[in-house]
Amino acid sequence: MVDWWKQANDALIAEKANVKLIPDMVKTAKLEFRKGCLEFFKLLNEKNVPLLIFSAGITQILEEVLKQKGHIYKNMHIISNKLITDDDGIIVGLSDPIIHVLNKNEHSASKSNGKWFKELASQRKNVLLLGDSPGDANMTDGLKDTHCILRIGFLNSKVEERMEEFKKLFDVIILNDGPM
């Protein structure tokens, strides 16, 4: 898994891609949020509930998507792979550790943004975990003193094939791009 990510990242660097292209890329992409997602983000912000977006994606792309949709809030924090650029915006590397589907947990969150994450974990004892891959069910691994963890899994493809695995990992399963 890590080798694949390193190869993909090396390709970005070799292409001398520029982060200044991200806003236009996002603008022309046909991206849609799950029904109810943006309202959910707004409600969490209004109720002052911290929202951690823990992704194997690219930080700057996630931020741009949220910005263009008008849904970046003060309660949000993104932990993902941050592009490192030179003064001209050319991608020269990615943050370490590489976040991928199999290491999204307390350890990688602490390494990526230790102070914020440790502070949050010490203050909040209940977790609502949402994920769309089996590895996402383990994102709370390493958290101490949690009182309640509710795991919601989004099973969007190969439903029959993957249902039993998801039943073992998640408390609630939403099928086929169903609403929040």
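A nonpolar core is here a set of buried Ala, Val, Leu, Ile, Met, Phe, Trp, Tyr and Cys residues that are joined through side-chain atoms within 4.5 Å. The close-up views below are drawn from a predicted model.

View A. Eleven residues make up the largest nonpolar core, namely Phe54, Ile79, Ile99, Leu129, Ala137, Met139, Leu155, Val159, Met163, Phe166 and Phe170. Helix H6 supplies the largest share of this core, with 3 residues. Another core, of 10 residues, lies apart from it and has Cys37, Phe41, Leu66 and Met76 among its members.

**View B. The open sheet formed by strands S5, S6 and S7.** The 3 strands of this open sheet follow the order S5-S6-S7 and pair in parallel. Strand S5 (126-131) and strand S7 (172-175) are the edge strands, each of them pairing on one side only, and the twist from one strand to the next averages 15 degrees. Strand S6 (residues 148-155) runs parallel to S5 and is joined to S5 by 6 bridges; leucine 129 has arginine 151 in S6 as its bridge partner. Helix H6 (residues 159-169) packs on the sheet, where it touches S6 and S7, and the direction of H6 makes about 175 degrees with that of S6.

**View C. The buried and exposed sides of helix H3.** In helix H3, which spans residues 37-46, the buried residues are Cys37, Leu38, Phe41, Leu44 and Asn45. Viewed down the axis of H3, these buried residues fall within an arc of 120 degrees, and they therefore line one face of the helix. Glu39 and Glu46, on the other side of H3, are exposed. The cover over the buried residues of H3 includes strand S1 (51-58), helix H4 (59-69) and strand S2 (76-81). Just after H3, asparagine 48 adopts a positive phi of about 60 degrees.

View D. Isoleucine 13 belongs to helix H1 (residues 2-14) and has a relative accessible area of 27%. Because buried means under 20% and exposed over 50%, isoleucine 13 is classed as partly exposed. Leaving aside residues up to four places away in sequence, isoleucine 13 touches Ile91, Val92 and Gly93. Isoleucine 13 and isoleucine 90 are separated by 77 residues in sequence, yet their C-alpha atoms are 8.0 Å apart in space.

Note on methods: Residues are numbered from 1 along each chain as its sequence is written. This is a predicted model: local features need pLDDT of at least 70, side-chain atom pairs count only at pLDDT 80 or more; totals for chains, interfaces and linings use all residues. Side-chain values use heavy atoms; hydrogens and water are left out. Two strands pair if DSSP finds at least two bridges between them. Helices (H or I, at least four residues) and strands (E, at least two) are DSSP runs, numbered from the N terminus. Axes are lines fitted to C-alpha atoms, for helices over the stretch in contact, and angles run from 0 to 180 degrees between N-to-C directions. Contact means heavy atoms within 4.5 Å. Buried means under 20% relative accessible area, exposed over 50%, partly exposed in between (1.4 Å probe, protein chains only). The arc is that of the directions from the helix axis to the C-beta atoms.
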